[in-house]
Amino acid sequence: MDLKKVVQVILVVVMGIFLCMAGKKQVHPLEPDAGADEPVTITWFVAEEGYAKTWNPWKNLADAKILRNTGVNLEVKSGDLTDLDALIATDSLPDLITVEAETAERYMLENSGMAEPLEPLFETYAPDVNIPDSMKEWYRNADGNWYSIASYYYGKERVNEEFGGYLGTHNNNYVRTDLLEQTGISMEELKSKEGLLLALRAAKGLTYKNQDVIPYSGWWTQNLAEQFGMKTEDEEGNYLSKYRQPEWLEALQFGNQMYREGLMLPEEFTESLSQRRKQVQSGRIFFCTGYSNVQDAKDILYSNDKHAQMMYVGQVRGDRQNMPNLKSVSSGGWTVTMVHRGAKHKREIAKFISYMTQEEATLDAAPSVGTETYDIVDGHYVIRDSVKQEFEENYQRAAEKYFLNLEFFVDWTIVQKYQPPSEAQAFKEQYRGCSIYDSKAADAAVSVGTDRQMQELKEKIENYYRGAEIQVLTAGSREECTLEYQEAIAHMEKLGLKDLESFERKRYQEAKKKLNQ
């Protein structure tokens, strides 16, 4: 074949390839499959101040997988309850609305006809939705309809050995082990008030990267009172007001001692959660109470400094050496998500929610697991070594790649079901010697629901107590601390504390009846 013919053949082949490409739409690998329907955009408002979600299936693997499998794009906006109130008032609600479970806005949306009844919706479009029946009953409205899907709900169907779910708690203590080593105090000693005080005093003079170390952070009186063994109900099953329990006063006295010795700083009473997490992330905090305070911050700290580990250290025993009685994570759920009755794409919304409640999607959305991060081996997830390395090298960059940051349908008992057995066993082992109680009835007791009069009373008492507690904790002596506490209780009684306690006892019994306890 001469050169001229060779060139002609090459031109024909190139032209053929060009024509084929011109006739076929080029699909980005993160877009839905070719031939699929055009993606539908679902709008979503999350009433969580400080929360932000940027939908980006081009960079985030979790977003990409949802788009591929559901054909749904999400347009997520957030704000506070005032912003949600404005959307309600102007009839501008999006397709999905997420609020904390016990807000007045949830009841308003359910009772005003703005929320879509979910059972008919799923029966029509997504009968395979994976939601426990007990959730539907716990959130069933007085009108007989179920409107709200809770995140992080712990149902009796799944909190058992057969399914694999179990109750956990966020009432934990954490310590910087590298700094602890410098104090000469053991981890075990931190489980007594005396040992903890010795360690905090030793940590007071330490520095980290030219910053003074803050000995203690994360104060919340209820956490310490429960660690000291505070009960939720008496022997007859009646609800006990936390303010009057001896362990509550003991916790206040212990906090006051830490404050007087400079182990707990004044900013402890004004710092926001995000500010405290930044302090943990910067490495300044030696000892911290409450998982929510350290959550991702301890991992970011560790990714920046492999010596700076903040590890679980258990609970502190009180003077009576009672077993810690720890409230579970909010087993009734953290947030609830509702479908706006005026939403346009109800079929796609129902199918999207159904997808998000399935077990694989739940693992993908779980913040400790992620999308494209794991393999299922013998029925349990195993995080890939390459992914672990990415998180160790740069936690924030890896999180942006693998984490969905959209936890509003997560059922943590599904995550527990797929946990490696060693992790589940280690978790249960660390609470040996503690009691963890289901929070549903206790949370219901302190929720006033739609009772406006009781809401006003509760707000009045709690607003007063917040200021009074600071006075108690910052008192100049133990005796003054105790006196300030007694005066606070007396003033709360004048405001109507006994009426509030009576209301709480009634709500508690109603919740127990609903739970068949």
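K136 is buried, with a relative accessibility of 15% (buried means under 20% relative accessible area, exposed over 50% and partly exposed in between, computed with a 1.4 Å probe on protein chains only). In this predicted model, local features need pLDDT of at least 70 and side-chain atom pairs count only at pLDDT 80 or more, whereas totals for chains, interfaces and linings use all residues. Residues are numbered from 1 along each chain as its sequence is written, and side-chain values use heavy atoms, with hydrogens and water left out.

K136 is paired with D133 in a salt bridge whose closest N and O atoms lie 3.4 Å apart (a salt bridge is a side-chain nitrogen of Lys or Arg within 4 Å of a carboxyl oxygen of Asp or Glu). Both residues belong to helix α6 (residues 133-138), and because they are three residues apart, about one helical turn separates them. Helices (H or I, at least four residues) and strands (E, at least two) are DSSP runs, numbered from the N terminus.

The whole structure contains 31 salt bridges. One of them joins K428 to E161, with the closest N and O atoms 3.9 Å apart. Since K428 lies in helix α18 and E161 in the loop between β4 (149-150) and β5 (173-176), this pair ties together parts that are 267 residues apart in sequence. K428 is partly exposed at 34% relative accessibility, while E161 is exposed at 69%. A further salt bridge is formed by R276 and E268, the closest N and O atoms being 3.1 Å apart; R276 and E268 are both buried.

The loop between α17 (412-418) and α18 (421-430) holds Q419, which is buried at 12% relative accessibility. Beyond its neighbours within four places in sequence, Q419 is in contact with Y166, H380, Y381 and A424 (contact means heavy atoms within 4.5 Å). The C-alpha atoms of Q419 and V336, residues 83 places apart in sequence, are 25 Å apart in space.

The largest nonpolar core comprises 81 residues, of which W44, L74, F122, Y139, I149, F352 and I353 touch the most other members. Such a core is a set of buried Ala, Val, Leu, Ile, Met, Phe, Trp, Tyr and Cys residues joined through side-chain atoms within 4.5 Å. Helix α13 (residues 346-357) supplies the largest share of this core, six residues. When residues up to four places away in sequence are not counted, L74 touches I42, W44, W55, F352 and L406. Another core, of 49 residues, lies apart from it and includes V213, F228, M258 and L473.

An open sheet of mixed pairing is formed by four strands in the order β8-β9-β5-β10; two strands pair if DSSP finds at least two bridges between them. β8 (214-217) and β10 (310-314) stand at the edges with a single partner strand each, so one side of each lacks a neighbour in the sheet. β8 and β9 (residues 285-289) run parallel and are joined by three bridges, with I214 opposite I285 in β9.

At the start of helix α3 (residues 81-89), a side-chain oxygen of D80 comes within 3.1 Å of the backbone nitrogen of T82. D91, which follows α3, has a positive phi near 55°.

Definitions and conventions
Polar contact = N/O pair within 3.5 Å; in protein donor to acceptor, adjacent residues only side chain to side chain.
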